[in-house]
Amino acid sequence: KVYCSTFTMWIFICFVCQLSYQAVEYMRMGIDPITACQKVIRRIQKYHPNLFGAIICANKTGSYAWKTVNSEGSALDAVENGCSLCEREQCRGTVGFGGSPDESGETTLDAMIMNGDTMEVGGVGDLRRIKSAISVARAVMEHSTHTLLVGQSASIFSQNMGFPSEDLTTNVSLSEHLEWLNQKCQPNFRKQVFPPAETSCGPYKPVKELGTKTSARSQFLSHDTIGMITIHRNGSIAAGTSTNGLLHKIPGRVGDSPIAGAGAYADSTAGAAAATGNGDIMMRFLPSYQAVEYMRLGKDPTLACQEAIGRIQKYHPNFFGALICANKTGHYGVACSKSPNLTQFHFMIFNPSTASEKIVDCI
């Protein structure tokens, strides 16, 4: 079984324009998924300039992972191959190179992979100039006794392992960064600084005045993560994530995706979970680990997901996030936190009898 999740926002206008069908037809013509999505959105914008909505175009990521399992690949192979394809195809511009530039205009990557048989984990954070983040994460797991490598040193490790150093910047990410600079660096993630983050690009210095406003950011939908869970026919379970993180993040920021128990967690004796959303909040609660422990206690995967999300909502009622869960018997569940930018969550299921997109209402 392969479970794959990404955030998707939908609006009813999509039905009027046959949005999903048109995107698939573009991809059938050989157009890459990102361009296919962009062409469809622009088509609608001709008639509805202020459109609020988004589309995800993924032509083979989940099926590629499923094919790996069916061709005698391991659960880890399936997770790595599925996430790698998403990295190469720059899913939604939020996974892989050329997306989500930070304050300095650079794209950096986070990823992790976990072996539910051995409880080994490999992760990379703030990875620079290396495109294959999920494969580097696996190299960390298999060729070191460490769990997480970050920053420039992670890049050096990657090159020593044979991964080429490449520029992760594209014309799209350059354009995004320039547009942000022209908007006086709005929005951003600074708070309690001078000059005021709401009107300036800095450089910033800290201020201790209580009650200083933070930059308007809470409703800005800017990032995504691919999260994948694989259950092999032999009972092995693996999970993994990959992302290029928050758009316009402060350089050096690492989110929840490469953190075991936060971005994902797998234990072949219980199950696995993977998270996506506001990583700076979610990593404080280790929702993937919590959900797996709930399933270990016998809770249904849906309830396990919901309770893990509910723990976060006690402190952050409107946080932006979702969780996919699967127990060792192959039953699955999903939960998402209802917020202004998220009312439904879309995910993919692949197993011997199903290969389809599923939707769940947020709580």
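Pro195 is located in the loop between β5 and β6 (205–206), where helices (H or I, at least four residues) and strands (E, at least two) are DSSP runs numbered from the N terminus. The peptide bond that leads from Phe194 into Pro195 is cis, with an omega near 0 degrees. A cis peptide bond also joins Gln186 to Pro187, with omega at about -5 degrees, and Pro187 lies in the loop between α8 (171–182) and β5 (193–194). The model is a predicted one, in which local features need pLDDT of at least 70 and side-chain atom pairs count only at pLDDT 80 or more, whereas totals for chains, interfaces and linings use all residues. Residues are numbered from 1 along each chain as its sequence is written, and side-chain values use heavy atoms, with hydrogens and water left out.

The protein contains 11 helices and 14 strands. Of its 363 residues, 56% count as buried, a term that means under 20% relative accessible area, with exposed meaning over 50% and partly exposed in between (1.4 Å probe, protein chains only). Among contacts (heavy atoms within 4.5 Å) with a separation of 6 or more, 63% are made by residues 24 or more positions apart.

A search of the whole structure finds four disulfides, a disulfide being a pair of cysteine sulfur atoms within 2.5 Å. One of them is formed by Cys185 and Cys201, with the sulfur atoms 1.9 Å apart, and this link is right-handed, with 105 degrees about the S-S bond. The pair connects distant parts of the chain, since Cys185 is in the loop between α8 and β5 and Cys201 is in the loop between β5 and β6, 16 residues apart. Cys185 is buried at a relative accessible area of 3%, whereas Cys201 is partly exposed at 36%.

Cys305 and Cys325 form another disulfide, with a sulfur separation of 2.1 Å, and their link is likewise right-handed, with 125 degrees about the S-S bond. Here too distant parts of the chain are linked, Cys305 being in helix α11 (residues 301–313) and Cys325 in strand β11, 20 residues apart. Both Cys305 and Cys325 are buried. By contrast, Cys83 is in no disulfide, and the nearest cysteine sulfur, that of Cys86, is 7.2 Å away; Cys83 is buried, with a relative accessible area of 0%. Cys86 itself forms a disulfide with Cys91, the sulfur atoms being 2.1 Å apart, and Cys86 is buried at 2% relative accessibility, as is Cys91 at 9%.

Strand β11 (residues 321–327) also holds Asn327, which counts as buried at 14% relative accessibility. Leaving aside neighbours within four places in sequence, Asn327 is in contact with Ile231, Ala270, Gly271, Met295 and Pro301.

Helix α5 packs against another helix through contacts of Leu76, Asp77, Glu80, Cys83, Ser84 and Glu87 with Ala133, Ile134, Ser135, Arg138 and Met141 in α6. The residues of this contact divide into five nonpolar, two polar and four charged, where Ala, Val, Leu, Ile, Met, Phe, Trp, Tyr, Cys and Pro count as nonpolar, Asp, Glu, Lys and Arg as charged, and the others, Gly among them, as polar.

Arg92, in the loop between α5 (75–88) and β2 (109–115), has a positive phi of about 60 degrees although it is not a glycine, and Arg92 is partly exposed, with a relative accessible area of 28%. Asp126, in strand β3 (residues 120–127), has a phi near 50 degrees, likewise positive in a residue other than glycine, but Asp126 is buried at 13%.
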